[in-house]
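Please read the points below with the model open beside you.

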Amino acid sequence: MAASLVGSNPKILSLNSVASATGLRTATVLQAQDIWRDFGGVIAVAGATINVPRGRITGLIGPNGAGKSTLVNIISGAIKPRSGVITFEGVDITAEAAHRIAHRGLVRTFQLSSEFGRLTVLENLLVAAPHQVGESLIGAVLGKRYWQNQEAALVHQARELLIRFGMSAKEEEYAENLSGGQRRLVEIMRALMAKPKLLLLDEPLAGVNPSLGQEILGYLEALRDDGLTMLMIEHDLAAVERVCNPVIVMAQGKVLAQGTLNDLRNQQEVLDAYFIG
Amino acid sequence: MSSAFQFYVTTLLIYAGVDILAAWGLNLQFGTAGLLSFAFIVFQAAGAYTAGVLALGPQTDNGGYQHYIGGYALPFPIPILAAMAVGAVIAVPIGLIALRRLRSDYQAVALLVVSIIASSIATNETELFNGAAGISLVPHPLADQFGGDLLTYQWFYVGFTAAVCLVAYLIVHRVTHSPLGRAFRAMRDNEQAASALAKDITGLRLLAFAIGGALGALSGAILVLFIGTWAPSAWLYPETFVLLAAIIVGGTNNSLGTVVGVLLVPIGFAEGSRFLPEIGHPGLIDAGQWIAIGLMLLIFLWFRPQGILPERKHRYANDGRLVTVLDELAGWLRRSLALIQRSSR
Ligand SMILES: Nc1ncnc2c1ncn2[C@@H]1O[C@H](COP(=O)(O)OP(=O)(O)OP(=O)(O)O)[C@@H](O)[C@H]1O
Ligand SMILES: [Mg+2]
């Protein structure tokens, strides 16, 4: 009875549609519902459903091969699901191309570093900035005077990030000459240059030295406090414990449980699947 | 200078200009955007054909011995502009077939096939392209202004080609040194990461293909209006490899390096040694030259893969402006001057 009352209340209905039409802030930024994906015989994601709440760092953990990266690939449009629906800020993005999804502010990093090798570190950051006037043919042909101001502002922003991540000395280095950990940093800085609304991080700390890892976590927390929503895949449970709430556990393509890491530690099936083996 | 020698030099210069334009187009596709554009010569051929048939009079002229589309006797420079438009436009279907969903190694194969199909169609289609014989007697643009003074006309055409090269250089430079050029290079280095950063890969590929195609067509138009003939046999797929060799030898994704490469490879090896103005055979490269070019390419790939002039690093000054070659030169001068002053004190 109550449900039907709510459903027939025109005020609530219209509020809801306004919320989705204007992208008004709802509690859930991203919803992936009943996602399936296989590769030949291997079922990588088997009916996973996750909700990413606004303004938090949601952790995504699970054993190797659980389907975490595949799920992130599907959400970011890099691969398509066999079935399931993905909604970002109230809009169905399931069928959208990766660059369209990124254009909406859903930005991801890759588990394996994906730097632009023959671009300098600074250029790796610059290329990520959205809405560049010099990126159209007309803008390019009009020449420097047309895009120089925007470019200078972006260079300034990028250099601030480089300072924060201790990478200023490497500004003019080709990314292909960086160490593994430095590439991870470029990957994260580049994603931040893209001005994301939702940031998907696939093992951002892998290969980064522990003290820098702590700094990065601190930086991610600061970003969260500024309102950035994140979904972070991470194997280092101490890091997950420090910044992630809630935490989602995946195993064999399915979502096993969701909660704070402490709650999860007490659940038998989570223990079986993950903490023990 | 004897007039025979002047003919030789002017013709060589025009050929160099044509090859430089084409190599810039291919370099944009291959060096900057990372597309293995093995059908590139098709753009040059299409541009040449377009300019030729638009400059020619109706088919019934000259006894009606050749068949072609067009025949509008359009005035200069319309045939050239139309050729560029055709080059850019055919880039779209070719690009959609070969680039849209394919991995780069498959792209290369698909484009090679496009090149072979295009030349077989042109060779066998006598109604549209006059078959293997091609077209001839294409009128020289503005030749009537020179009252039959062929040598002066040769020099005029050298100047015209140089001017076109200069404008093309400015445009290519603007593209490669802009955020657009950076997006091309990002796509070249990592397609998946570029698309995750909101770069439309299909759009960027087609754009690089179209700009390069327009440049290739432009080079073909300038060539055909100079030599007056067009035959499909001059534009077979191996011609693309000569340009590719020039780019790799000169320095991939460096416009000036491309110029050096063209002067060394197609001009130095293939045409300089053999070419005399009376023999109007573009593109016929004999076996010995092929071996020489192939060896040179291998030597470079082994010992200096970055080419003679490597890709320039894009540096930014403190105020966030891109450092240009001129800036670097000025800085170098300033430092040397300071050194001289100090030592003379
Ligand atoms: N492109 C692919 N082709 C074939 N199989 C794939 C592909 N991508 C993933 N898989 C398979 O899907 C399963 C899930 O892989 P996924 O990369 O999503 O795991 P993960 O949870 O990210 O693991 P890890 O923690 O090791 O990164 C694995 O069994 C993997 O072998
Ligand atoms: Mg993974």
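1. A:Ser69 counts as buried, at 19% relative accessibility, where buried means under 20% relative accessible area, exposed over 50% and partly exposed in between (1.4 Å probe, protein chains only). This is a predicted model, in which local features need pLDDT of at least 70 and side-chain atom pairs count only at pLDDT 80 or more, while totals for chains, interfaces and linings use all residues. Residues are numbered from 1 along each chain as its sequence is written, chains are lettered from A and ligands numbered from 1 in the order in which they are written, and side-chain values use heavy atoms, with hydrogens and water left out.

2. The magnesium ion (ligand 2) is coordinated by A:Ser69 through OG and by A:Gln111 through OE1, at 1.9 to 2.1 Å; donors here are N, O and S atoms within 2.8 Å of the metal (3.2 Å for Na, K and Ca), and because water is not among the atoms, sites may look incomplete. A:Gln111 counts as partly exposed, at 36% relative accessibility.

3. A salt bridge, taken as a side-chain nitrogen of Lys or Arg within 4 Å of a carboxyl oxygen of Asp or Glu, joins A:Arg54 to A:Glu89, with the closest N and O atoms 3.0 Å apart. A:Arg54 is buried at 18% relative accessible area, and A:Glu89 likewise counts as buried, at 17%.

4. A further salt bridge pairs A:Arg104 with A:Glu96 (2.6 Å, N to O); A:Arg104 counts as partly exposed at 28% relative accessibility, whereas A:Glu96 is buried at 18%.

5. A network of salt bridges links A:Arg118, A:Glu176, B:Arg188, B:Asp189 and B:Glu311. Of the 345 residues of chain B, 51% count as buried.
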